[in-house]
Amino acid sequence: MRSDPRRNKTVSPRARRLRVAGGALCAVALSAALVTGCGQNSGDKTAAETSEAAKVLPNQTASPSGSMSAAPSESARLTEDQTERKDLLSTVKITFDKAATTAVGEVSGGKLADLELEGLDDADEASGSPSPSGSTMESPSAGSGSASPSGTGSASPSGSGSPSPSGSSTHPKWMAEVAEADGTAHRVTIDAVSGQVLGSAPEADQSDADKKALADRLAQATQTPQQASKTATGKQAGWVTSMALEENDSNVLVWKTDVVSKDWNKTTFEVDAAKGTIVGEQADND
């Protein structure tokens with residue numbers, strides 16, 4: 001029995017090309033599926049991490065007031081002298097100008113020779129004259145020559161100008177020296193909160209020579225304390241806290257004027273009592 005020879009199962013070139021192309025397409029599809037699967041897993045993981053981070057980050061971000069890196073408070077930066085000035089100025093309501101006018105009004109024909117706010121920078125002052133009068137809330141204006149916590153330069157909140165007897169002794173005070181025409185000096189004490197005159201009396205143990213010397217100095221001072229105050233605050237905006245008529249180291253008659261600026265530093269100016277120019281300046285930034 002004759003058997004048919006086995007047919008040659010050779011594949012045509014076209015068929016081979018189709019098979020190869022089909023295989024390539026399958027490989028591409030498989031690869032795309034794998035990539036898509038990885039991308040989805042990665043995306044899901046990233047989204048989950050982002051969601052968790054969003055829950056945590058708000059708790060790590062403190063507000064400015066509660067931040068560990070926040071700037072220190074003002075009180076932490078102030079020196080002892082600055083804090084003392086700030087504390088006193090926060091209670092004073094009677095300005096230098098107001099106190100000067102009140103003091104002079106207590107002595108007939110009187111002229112102001114010295115005016116200071118009691119109890120500030122005393123240890124540093126050879127003459128015993130200290131500093132401030134003003135406000136903690138309002139910055140001083142240049143050239144004003146005055147200061148007040150309320151900014152008005154007025155007296156007590158009640159407007160009566162008379163503090164209660166129980167409170168006046170604890171208030172800061174302006175201490176003034178006012179001289180009569182012959183040089184007789186009077187010490188006048190003024191409540192720095194209410195503006196009430198707490199006391200006025202001639203100085204004890206003043207010799208005739210002392211009187212003459214004081215009268216001569218006042219006669220040479222053609223610049224008033226108010227003018228000297230304006231000159232000093234024109235150079236350094238702030239609160240005039242002390243002023244005294246005296247000769248400086250160069251034997252020039254000056255109004256020695258303390259000005260406390262809004263950062264609670266003090267500058268002492270020497271204003272020529274005849275010319276009205278600044279001839280000396282010393283900053284005390286301790």
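Author: Helices here are DSSP runs of H or I with at least four residues, strands are E runs of at least two, and both are numbered from the N terminus. This is a predicted model, where local features need pLDDT of at least 70, side-chain atom pairs count only at pLDDT 80 or more, and totals for chains, interfaces and linings use all residues. Residues are numbered from 1 along each chain as its sequence is written, and side-chain values use heavy atoms, with hydrogens and water left out.

Reader: Where does Gln206 lie?

Author: Look in the loop between β4 (197–202) and α6 (208–220).

Reader: Why is Gln206 called buried?

Author: Buried means under 20% relative accessible area, exposed over 50%, partly exposed in between (1.4 Å probe, protein chains only). Gln206 has 17%, so it counts as buried.

Reader: What does the side chain of Gln206 reach?

Author: It gets to the backbone oxygen of Gly183 at 2.9 Å and to the backbone nitrogen of Ala185 at 3.0 Å. A polar contact is a pair of N or O atoms within 3.5 Å; within protein, one must be able to donate a hydrogen and the other to accept it, and residues adjacent in sequence count only if both atoms are side-chain atoms.

Reader: What makes α4 roughly antiparallel to α7?

Author: The axes of α4 (residues 96–104) and α7 (residues 225–235) cross at roughly 170 degrees and come within 11 Å. Axes are lines fitted to C-alpha atoms, for helices over the stretch in contact, with angles from 0 to 180 degrees between N-to-C directions. Under 35 degrees is roughly parallel, over 145 roughly antiparallel, 65 to 115 roughly perpendicular, and the rest oblique. So α4 is roughly antiparallel to α7.

Reader: Which residues of α4 and α7 meet?

Author: Phe96, Asp97, Ala100 and Thr101 in α4 meet Pro225, Gln226 and Ser229 in α7, where contact means heavy atoms within 4.5 Å.
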